[in-house]
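Subject: Structure handover and notes

Hello,

Below is the structure for you to look over. My notes on it follow.

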Amino acid sequence: MNKMLLAILAVFLIGGLAVYWNAAPSRQQSAGHSMVPPDTSGVARGAPIVEVSVPTDLSANAQIGKGAFEAKCAECHGANAAGQNGVAPPLVHKIYEPSHHSDMAFVLAAKNGVRSHHWNFGNMPPVKGLTDADVKMVTQFVRELQEANGIF
């Protein structure tokens, strides 16, 4: 009987922790890490969030990725991944540097969607019509934009 009571209590404790973990704000945001999104309250809805310098010499893969980005990603993430206030974040931002969001994170985001965790624009749905190879080319385009804008 005591073992049964302990097992029931353990299930409730684990369940409570799981509910708390999923309902609590992002640990990274609440911990005050250095990758805080900029204040966009003064930016018009749909306007670019950051200024992006586009390199004149994109690699062949980045040029392919640029085409895929313009076809599938720019509608939300804006021209040249500058973001759109109230819609989607800029990918040319320190938050998306390789040491914080790997290239595979981009592939998984396009394939599965992403729960909102850095920005308050809502969840990102999966992107239909892109293969993993397409997303890798898009990622190459974004990485070259990031590098041209001082994000490594």
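For the classes, Ala, Val, Leu, Ile, Met, Phe, Trp, Tyr, Cys and Pro count as nonpolar, Asp, Glu, Lys and Arg as charged, and the others, Gly among them, as polar. The axes of α3 and α6 come within 7 Å and cross at roughly 105°. Axes here are lines fitted to C-alpha atoms, for helices over the stretch in contact, with angles from 0 to 180 degrees between N-to-C directions. The two helices are therefore roughly perpendicular to each other; angles under 35 degrees count as roughly parallel, over 145 as roughly antiparallel, 65 to 115 as roughly perpendicular and the rest as oblique.

Please note that this is a predicted model, in which local features need pLDDT of at least 70 and side-chain atom pairs count only at pLDDT 80 or more, while totals for chains, interfaces and linings use all residues. Residues are numbered from 1 along each chain as its sequence is written, and side-chain values use heavy atoms, with hydrogens and water left out.

The overall picture: the protein chain has 6 helices and 0 strands. Helices (H or I, at least four residues) and strands (E, at least two) are DSSP runs, numbered from the N terminus. Of the 152 residues in the chain, 32% are buried, taking buried as under 20% relative accessible area, exposed as over 50% and partly exposed as in between (1.4 Å probe, protein chains only). Among contacts between residues at least 6 apart in sequence, 70% join residues at least 24 apart.

On the α5 side, Asp103, Phe106, Val107, Ala110 and Lys111 meet Asp132, Val135, Lys136, Thr139, Val142 and Arg143 of α6. This contact divides into 5 nonpolar, 1 polar and 5 charged residues.

Next, the core. In the largest nonpolar core, which has 25 residues, Phe69 and Leu91 touch the most other members. Such a core is a set of buried Ala, Val, Leu, Ile, Met, Phe, Trp, Tyr and Cys residues joined through side-chain atoms within 4.5 Å. Two or more residues each come from α3 (60–72), α5 (103–112) and α6 (132–148), and α6 gives the largest share, 5 residues. Leaving out residues up to four places away in sequence, Leu91 touches Phe69, His77, Ala81, Tyr96, Phe106, Val142 and Gln146.

Most residues other than glycine have a negative phi. Asn80 has a positive phi, near 55°, and Ala81 has a positive phi, near 60°. Asn80 is in the loop between α4 (74–77) and α5, and Ala81 lies in the loop between α4 and α5. Asn80 is partly exposed at 23% relative accessibility, whereas Ala81 is buried at 0%.

Lastly, Asn112 lies in helix α5 and is exposed, with a relative accessible area of 51%. Asn112 and Pro125 are 13 residues apart in sequence and 7.2 Å apart in space, C-alpha to C-alpha.

Regards

Note on methods:
Contact = heavy atoms within 4.5 Å.
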